[in-house]
Amino acid sequence: MQAPLLTIVIPCYNEEEILPETISALSALLEDMIGRHQVDQGSRLLFVDDGSKDHTWKIIYKEIIKGGFVKGLKLARNAGHQNALLAGISAAKEASDCMVTIDADLQDDIHVIPSFIERFKEGCEIVYGVRAKRKTDSFFKRTTAESFYKLMGRMGVDLVYNHADFRLMGRRAVEELEKFGESNMFLRGIVPLIGFKTAEVYYDRKERLAGETKYPLKKMLAFAFDGITSFSITPIRMVLLVGVLSFLGSLGFGGYFLLLKFFGETETGWTSLITSIWLIGGLQLMGLGLVGEYIGKIYKETKRRPKYIVDMDLFNFPLPRHLLNGERTDEYYSMDAGQLPETN
Ligand code: UDP
Ligand code: MG
């Protein structure tokens, strides 16, 4: 097989601290892979700026002007990690044979990307990067993440264990992925539904090199809850089950209370009454909330809002030549990222 045209897609949200390092590490890797004729020399890095509020886009833009491997896609506002990934691979797919997605913080080992390409050449449309160990993650992150995968498995969602969004997808797989019309794209759940020949490549996950996680506990819980309710109706079934059980239970209790009345022992009972009011009330509210969550999902899906909005696509529509190599001087390159002129 001819060397495939690879695009590495990197979603970035407020990553100015780590971006320069990420750019140089990935550029070096790509140069090496091109040198060894593993990938086509037209291969690129596509940084997706997910509506960052810091200098992320300036850094990417400055890099694009230099004319190296770096290309950029700027989203009009923060669309979230999953949508930023989707925006990147959708923009890249026409001009790529395969796409690798990786987080900007380099926690995933970029040196297994060549193995991804080998698997792709063997005919795999999807290659999953799987974390072999999590010893560098904090105890908290590790246990919450692992229980998330376990819980999802119990709920019947087919996830690749310990795989996040570090994966390779061929153009065909991306085209099929785009046919999934839902606006809530939980990629880890959807990608395994595509099929084709797949493979897993193992690596050790490292610590974040700089900056802080963009997934604090609140976002992490929302992500897990979203993942579950987008893919599984088990929670709603559980509510039904609890409802049925408490109905049966109340029948039993009803009989028991009748017996008590029959034997004239009905004076007591305030405690059991008040407890059951609270219990049933709580259960009802919980059930209602859960059903509401699913209705909310339907509501969101029916609106068919765009998942993300592209502000600037400097992957498919490169800057005009005069902006690329024209009158740019050393002085220009040494400018602070904040001083660079805006483009449109
Ligand atoms: N990210 C993004 N949009 C967001 C949040 C995060 O594009 O709204 C990016 C972020 O820049 C990073 C990746 O998604 O490249 C994963 O985020 P992070 O490393 O903070 O997550 P963690 O590894 O802690 O789960
Ligand atoms: Mg990370």
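In this predicted model, a polar contact of 3.3 Å joins the side chain of Asp 103 to that of His 81. Asp 103 sits in the loop that runs between strand S4 (98-101) and helix H4 (113-121). With a relative accessible area of 18%, Asp 103 counts as buried, because the cut-off for that label is under 20%. Leaving aside residues up to four places away in sequence, Asp 103 touches Ile 10, Pro 11, His 81 and Asp 108.

Attention can now turn to the ligand. Around ligand 1 there are 20 residues, and the closest are Glu 15, Asp 50, Asp 105, Thr 213 and Lys 214. Sorted by class, this shell is made up of 6 nonpolar, 5 polar and 9 charged residues. For Glu 15, a polar side-chain atom lies 2.6 Å from an oxygen atom of ligand 1. Asn 78 likewise places a polar side-chain atom 3.1 Å from an oxygen atom of ligand 1. In the case of Ala 104, it is a backbone N or O atom that lies 2.9 Å from an oxygen atom of the ligand. Taken alone, ligand 1 exposes 530 Å², and the protein buries 95% of that area. Strand S1 (6-12) and helix H3 (81-92) are the elements that give two or more residues to the shell around ligand 1.

Met 155 is found between helix H5 (139-154) and strand S6 (163-170). Met 155 counts as buried because its relative accessibility, 15%, is under 20%. Which residues does Met 155 touch, not counting those up to four places away in sequence? They are Ile 228, Ser 232, Thr 234 and Pro 235. For one of these, Ile 228, the C-alpha atom is separated from that of Met 155 by 7.5 Å, although the two residues are 73 residues apart along the chain.

The structure holds 0 disulfides. Cys 98 has a relative accessible area of 0% and is therefore buried. Cys 124, at 3% relative accessibility, counts as buried too.

Conventions: Residues numbered from 1 in each chain as written. Chains lettered and ligands numbered in written order. Predicted model: local features only at pLDDT ≥ 70, side-chain atom pairs only at ≥ 80, totals over all residues. Heavy atoms only, no water. Helix = DSSP H or I, 4+ residues; strand = E, 2+ residues; numbered from the N terminus. Buried < 20%, exposed > 50% of the residue type's maximum accessible area, 1.4 Å probe, protein only. Polar contact = N/O pair within 3.5 Å; in protein donor to acceptor, adjacent residues only side chain to side chain. Contact = heavy atoms within 4.5 Å. Disulfide = S-S within 2.5 Å. Near = heavy atom within 4 Å. Areas by Shrake-Rupley, 256 points an atom, 1.4 Å probe, with all protein chains shown as cover. Nonpolar A, V, L, I, M, F, W, Y, C, P; charged D, E, K, R; others polar.
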